[in-house]
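Please have the sequence and the coordinates open while reading.

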Amino acid sequence: MLKALGVRSIDDLFAPIPAEYRLNGDLKIPRQMAESEIVDFFRQRSRENGDGYTSFLGAGAYSHYRPVIIDSLISRGEFLTAYTPYQAEISQGTLQSIFEFQTMICELTGMEVANASMYDGSTAAAEAVMMAVRLTGRRSVVVARSLHPEYREVLATYATHQGMPLTVTNFNADGRIDVNELERSITAETACVLIQSPNFFGTIEDVDAIATIAHKHGAMLVVSIAEAVSLGILEPPRQADIIAMEAQSFGVPLGFGGPYCGVIATREKNVRQMPGRLVGQTVDKQGRRGFVLTLATREQHIRREKATSNICTNQALVALMVNIFMTVYGKVGLKELAKQNLAKTAYAAGQFSKHGKVLFGNVPRFNEFVVETSEDPYAINGRLLGHKIVGGLPLRKFYPELKNAALWCCTELTTRSAIDTAVGLVAESERSVGSSPEELEEMAR
Amino acid sequence: MKVPNKATRHVNQNEGVIFEKSSAGKAAWKLPPLDVPEVDTAKLLGGAERKDLGNMPEVSEIEIIRHFTRLSTWNYAIDLGMYPLGSCTMKYNPRVNEAVARVEGIANGHPYQPEKISQGALRILKTLSEQLLEITGMDAITLQPAAGAHGEMTGLLMVRAYHQAKGNARKKILIPDSAHGTNPATAAMVNYAVENLKSDSRGMVDISSLEAQMNEDVAALMLTNPNTLGVFEQDIHRIADILHAKGGLLYMDGANMNALVGKARPGDFGVDLMHLNLHKTFSTPHGGGGPGSGPVAIKKILEPFLPKPVVVTKSDGTLGFDYDRPHSVGRVRAFYGNFGMFVRALAYIQANGPDGLRQTTEDAVLNANYIRKGLEGTYDLPYSTPTMHEVVFSDKVQAKKGVRTMDIAKRLIDYGFHPYTTAFPLIVPGALMIEPTESESKEEMDLFVEAMKSIAEEVEENPQTVLDAPHSTRVSRLDETAAARKPILRWKPANQS
C-alpha cells in the first residue's frame, strides 16, 4: 500500500505534524495483553467490587431481574455495531425499535410524545427544565428538595450560566413536598416546578395538588421518574407537562452508575422544543411503511448555536434494552412485577418498624423507605458488611437533618430471608452499645 | 394505520410493529412465587393505584426473539462491512470488551455501595484515567461526561470557571467554519456567544483572521485537530500562542483523535483542554446511537474546576471519591459517568499496548490515504492538503449530471457499503467525507474504491439509476418531508388513530 501511495515509509504520512510534536518512543502504558489476561484482569476487579453481596441500595439505581434475551438480542452485531440511523433505508431495524420504544414510553407515562432517549435521568431532568424555560419564556425554576440530590446538583450545573434562578422547596413531615411553601415560591417568572415521584424517599407525591398550584400560576410541571418499574402499579403523572425519566430499572444493569437511559416525554404541542432524536413514521416511494429520524430542525447539526440542545449521541443501545424489557413484561407482567416490589417493601418496612422508626409512613410509597435508627447508620452498615449485606444509604450526606436515617430499597429480587437477616442485624445493632461512631464510619466507607 | 397481515415471499419483509402481534394472554415473563404476604394495592395506594397499562404489548418469548432478530436484519453494521462515516470512526468493536463488561461484579456494582467494596471499579476509573492522560499528554481528567457533546459542555464550563476565577468570564467562543454542529450548540448552552472563524485555502484555520479576531472577550477557541477535512492544523502551536497571548484557552475537540494516538499528543502542542470520544477512538460500540462517553482531559491550570467527585488515593492506599472540591463546576451527570464504556475502553487499550495503539493510528492514516489515491481524479478533491485519517471529496463533477452526494451515498448502499458522511463539513459544498479506520483490509478498500468508481461511471451513463437508489433495500427512499410535516411519533391502534 505504501508503494501504491508513492511514499517510502509510514512516517512520511505523518509529516504534516510538525516534527517537534511527533512522538519518537512508546507511550508509557503497559504492554499488549492477551485476551486471557484481559479477562483475568477484569475478573480480579470484579472480586474487589461487591460481587456476592446482598444489597438494599436503590436511590436512583435499582436492582431488577434482567431477562436473558435482552443480552442475546442487543449482542447482535446489527444492533451493537451500527451508528445513528441517518441512512434510513439500511437502519430500519434501529428506527422501528426506537418507534416502538417511543410508543411504549408514551403508553406508560400517559404522555403523547417521547424522544429516542437522553443520557440519563439527571440530564433529562435538566434538559426538561430548559425546555420549559423555552416554552414559557420565563426563567426561574422551583425544585423539590425531595428530588434526587444528584439530579439537583446536575440541574444547578446546567442552570448556572443560563441565568436561571433555582428555588428549592422543602418536604413536610410526611416526606412530600410542602405545598404551602411551594405556592409561596412560585412567582410570575417561574417557568416550571420540578418534582420527583415516587420521590427520593420512595414516597408518592400528590401530583394533582402540585399540578394545580403550578398551572394556576402559569408554570409548567416537570415530573422526574427515577424508578420506572413504579409505572406498572402507579398512576402516571398525567397532569405533568413534561416527564423526565430514568429507565434504568427496565433491564439496564446497575453498572456502577452507567450507562443508563434518560427519556423525555411531553404533550404533542411541545414537541418542537423537545431536545434529542425523534423517530417518525412515513412511507417510501412505493407507499410502504418505514421510519426516519425527524424534526431534525431542532437539532445541533442543522441549527448549530440555535439548537434546542447540543445532544447528539444518546443512549440507543440502552434504550433497546429498555424496549426489550418492556416488551417482555408488557401489559400484565409490568403490573405483577410492580406489585411484587410493593409487597416486599411493605413487608420490609413493617419488619423494620418493629425495631427502628420508619419515617414518612403515613403516605403511599413504592419500593423505598427511610429507616431512622438510634445508632449511626454508617456504623450499622459496617456490621452488615461483615455479613455480606449492603444496608440502606445513609442520608445525612444529602440531608444533614436526617442524621441517623437511611434509605432502604426492596425489589422483586429481595428475598424474605435477606430482609429478615438485615432486620435482625439492625435490631441487634440497636440493642448493642456501639464502638465509636468515627471508627465504624471509617469501616463502612 | 393498520397494515394487513399478508404473507410475502420473504418473511423478514413482513415484520410489523410489536403491538400488531399482541393478543391477550400471551406472556414472556414469569415471576417467582411471592415469599412475603400479598398486599392489598388499593388499600396501600388509594387513588395513586394504576388500573390499566393501555396498549402495552402481550407477546411470547419466541415472538420477541424473532421480532428483534428480523428487525436487526434490516440494519447495516460494522460487522457486515465497511462503514466509512467520516468523523464517526466506525472501527471494529472487539468482543472481549463486551465479555468483560458483563463480569458479575462489574456489571452489577451499585454506584452507592461503600468504597470499601468498590475498589475494583475505582481501580478501573483510575487506571483508565492514567492511561488516557499518557495518551493525550494532559495533566488531569474527568470521566463523567456521557458523550462527546456532553464533554464539550463540561469543558466549556471549566473554561468559564477558569476565566471567572480571574475576574472576567469573557463573552465568546471562536469556532472554525469547518466545525461540527455540537461545538456552537455547546457554546450556547454555556451562555457564550459564537464567533465564526474562517478557514484558509488549505482548509486550516486562517491565522490572520484569528489574529484579528482574538481579543480579551474571547474565552477559548474550539478546534478539531485533525480538523473535519482530515487535515492536521500545522500551525497549531502558533494558534495556541495567539490565544494564550490574550489570555484565551485552546479547546480541542478530540473527535479525530484516531489520527494521533501514539503518534502525537495534544498536551505537547499547546492544547489546554480536550474531550475524547471513547465510542470513536477507543472502540466502544456505537450501538445505533449511543451510549457514548466523553472524558475531558485538561492542563493543570484547570484542575480546581473539574466536575466532582474525583477519584483519589487515600492515606491507607485505598481509592475513594473526593467530593470536597470548592471550585468545581459541579456535577454534569448523576453518579460517575458511563462506567460500562470505561471498562470497554480500558480493555481496548490493554489489548493494544503502546505498539498496538501506534500501529492502529498508522493503519488508519494509511487507509485514508489509500482511498484518497484510489478516488482522486474520479471525484473532486477540494483541498489537496495532506490527508490524515479521513478524506473529503465533493460532488462537483457528478453535480453537473444532477447527481448529488446523497444520491451517490444511496447508490453505495446497493454495492454493500454504508455511505460516508454526506454534506459535511459545511465548507465543502456537496461533501463526501470518508473515514475507513484501521479496521479495513486492502481487499475491502479495493472493493469500496471500485464501487465508487462504478457509481461515477453510472452517473455519466445512466444517472437515473443513481438518483433512484437504493434498489436493493427493504424500503426505498423514505419521504422525510411528509414525516416532518405531520409527525407520527408513536403507534396507535386503528380505532384511535
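Which residues line the largest cavity?

## Basis

The model is predicted: local features need pLDDT of at least 70, side-chain atom pairs count only at pLDDT 80 or more, and totals for chains, interfaces and linings use all residues. Residues are numbered from 1 along each chain as its sequence is written, chains are lettered from A and ligands numbered from 1 in the order in which they are written, and side-chain values use heavy atoms, without hydrogens and water.

## Largest cavity

The lining consists of F79(A), T94(A), S97(A), I98(A), F101(A), A316(A), L317(A), A319(A), L320(A), N323(A), G287(B) and G288(B). A cavity here is a set of points, on a 1 Å grid over the protein atoms alone, where a 1.4 Å probe fits but cannot get out; lining residues have an atom within 4 Å of a point. The largest cavity holds about 80 Å³ of space, and the structure has seven cavities of 30 Å³ or more. Grid points are joined across faces, edges and corners, and a volume is the space filled by probe spheres set on the points.

Helix 6 (92–109) and helix 12 (316–353) of chain A are the elements that give two or more residues to this lining. Helix 12 of chain A gives the most, with five residues. Helices (H or I, at least four residues) and strands (E, at least two) are DSSP runs numbered from the N terminus. By class, the lining has seven nonpolar, five polar and no charged residues; Ala, Val, Leu, Ile, Met, Phe, Trp, Tyr, Cys and Pro count as nonpolar, Asp, Glu, Lys and Arg as charged, and the others, Gly among them, as polar.

## Sheet of chain A

Chain A contains 15 helices and 15 strands. Seven strands make an open, mixed sheet in the order 2-8-7-6-5-3-4, where two strands pair if DSSP finds at least two bridges between them. Strand 2 (113–114) and strand 4 (166–169) of chain A each have a single partner strand, so one side of each lacks a neighbour in the sheet.

Strand 6 (residues 220–225) and strand 7 (residues 242–246) of chain A run parallel and are joined by four bridges. V222(A) stands opposite I242(A) in strand 7 of chain A.

## Sheet of chain B

In chain B, seven strands form an open sheet with mixed pairing, in the order 1-7-6-5-4-2-3. Strand 1 (140–142) and strand 3 (193–197) of chain B are the edge strands. Three bridges join the parallel strand 2 (residues 172–176) and strand 4 (residues 218–224) of chain B, with I173(B) opposite A220(B).

Methods: On a 1 Å grid over the protein atoms alone, a cavity is a set of points where a 1.4 Å probe fits but cannot get out, and a pocket is an open set with protein on both sides within 12 Å along at least five of seven lines; lining residues have an atom within 4 Å of a point.
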